[in-house]
Amino acid sequence: MPSSFPCSDDPAPSMKMESVLHMKEGLGETSYDRNSTLQKKSMDTVKSLVTESARDVYASLRPERFTLGDLGCSSGTNALGMVQEIVRSVVEACRGAPPPEFSVLLNDLPANDFNSIFSRLPEFTGKLKADAAAVAGDGPMVFLSGVPGSFYGRLFPSRSVHFVCSFSSLHWLSQIPPGLWDERDGPVNKGKMFISSTSPPAVAAAYSRQFRRDFSLFLRSRAAEVVAGGRMVLVMLGREDERHADRNTALLWDLLSESFAALVSQGAVEQGKVDAYDAPFYAPSIGEIEEEVRREGSFTLGYARAYETHLNGSGDAGREGRTVSMAIRAVQESMLGHHFGTGIIDALFSKYTELVTAAMEREEVKSLQIGVVLVRQ
């Protein structure tokens with residue numbers, strides 16, 4: 001079955017996905033490090049939710065070693081920022097008593113640029129020491145480890161983790177959903193790479209099934225690793241209601257499809273190649289998340305909320321359009337380059353920047369993220 005990513009019929013889908021899906025590495029102009037301000041803005045929106053949840057876990061369990069896992073940590077300036085906030089919050093909760101030692105487990109797929117994370121370790125520890133000096137303390141002991149692997153499976157020893165967080169990661173699926181090709185091996189979702197208003201119902205159904213399978217596996221895996229009373233804060237792109245072709249979710253994908261259509265018209269890309277590409281992405285509703293949490297049964301849902309982020313509004317559509325385009329390029333270049341080759345990437349995102357800018361000039365462009373807090377029973 002032709003596909004840009006392996007489906008369930010493939011003998012080793014997860015291994016191939018792990019070698020392809022990663023943020024743009026390095027420190028260059030198109031790197032994730034230089035183009036992750038939108039993700040930082042989203043993380044800032046939920047910072048209090050994360051720090052309060054971590055503080056509550058520590059207050060209730062009082063472990064001598066506080067172990068936290070950041071799943072889908074990625075790289076760049078954002079990777080250690082939230083960890084610093086979590087450590088600071090727990091230390092403050094100690095109210096002058098000696099803080100616990102911290103074991104910080106940074107997880108992402110093996111192709112992630114872990115080197116760029118650990119190169120920032122001196123800066124990270126320096127900030128923690130500065131925090132401690134402000135209150136005449138010695139500062140906490142923090143031990144960082146990289147844990148490469150898919151979070152759609154086990155990562156840590158049983159009952160070893162007190163707190164788990166994940167940002168802008170769980171909307172990425174483990175594989176392309178099966179069911180996007182018909183009985184003649186023809187693409188069902190021609191010209192589109194995600195669910196759109198023109199997609200057949202089978203497309204949304206296939207994506208929904210794959211999300212349910214993946215998220216259930218994620219929950220089962222974490223259930224084995226998180227201690228009783230431990231918590232998870234999960235933040236992912238989502239949609240407002242049960243309509244799969246939600247405008248906030250579909251717009252940027254539709255504009256990427258239009259960008260490919262422009263390259264096809266120029267003869268730079270074959271239409272068949274575009275038809276064969278499907279993104280391993282799904283933006284769930286709160287209802288879908290709640291249903292899988294209830295079905296799996298190991299966690300109770302303590303909190304669920306949708307957070308809206310406005311991507312334009314400054315009055316400079318050109319700057320905002322480029323910011324969004326470069327952010328999406330930094331996330332998707334590895335996948336697009338794998339399927340189409342790297343030679344088209346510059347032209348593709350030049351056109352994409354143009355289309356996103358035009359959209360921002362004529363309408364409000366928003367994204368929606370869903371934040372949930374889960375408590376291990």
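At 1.5 Å a residue, the 13 residues of helix α4 should span 18 Å, and its end C-alpha atoms lie 19 Å apart, which agrees. The expected span is 1.5 Å times one less than the number of residues. The model is predicted: local features need pLDDT of at least 70, side-chain atom pairs count only at pLDDT 80 or more, and totals for chains, interfaces and linings use all residues. Residues are numbered from 1 along each chain as its sequence is written, and side-chain values use heavy atoms, leaving out hydrogens and water. Helices (H or I, at least four residues) and strands (E, at least two) are DSSP runs, numbered from the N terminus. Buried residues of α4 are M82, V83, Q84, E85, I86, V87, S89, V90 and A93. Buried means under 20% relative accessible area, exposed over 50%, partly exposed in between (1.4 Å probe, protein chains only). Just after α4, R95 has a positive phi of about 55°.

**S75, in the loop between β1 and α4.** S75 counts as buried because its relative accessibility is 3%. N115 is 40 residues from S75 in sequence, yet their C-alpha atoms are 8.4 Å apart in space.

**The open sheet.** Seven strands form it, in the order β3-β2-β1-β4-β5-β7-β6, with mixed pairing. Two strands pair if DSSP finds at least two bridges between them. From one strand to the next, the twist averages 15°.

**Strands β2 and β3.** Strand β2 (residues 101-108) runs parallel to β3, and seven bridges join the two. N107 stands opposite V147 in β3.

Contact means heavy atoms within 4.5 Å. Axes are lines fitted to C-alpha atoms, for helices over the stretch in contact; angles run from 0 to 180 degrees between N-to-C directions. Helix α7 (residues 201-225) lies across β1, β4, β5, β6 and β7, at about 150° to β5.

**The setting of these views.** The protein has 12 helices and seven strands. Of its 377 residues, 58% are buried. Among contacts between residues at least 6 apart in sequence, 84% join residues at least 24 apart.
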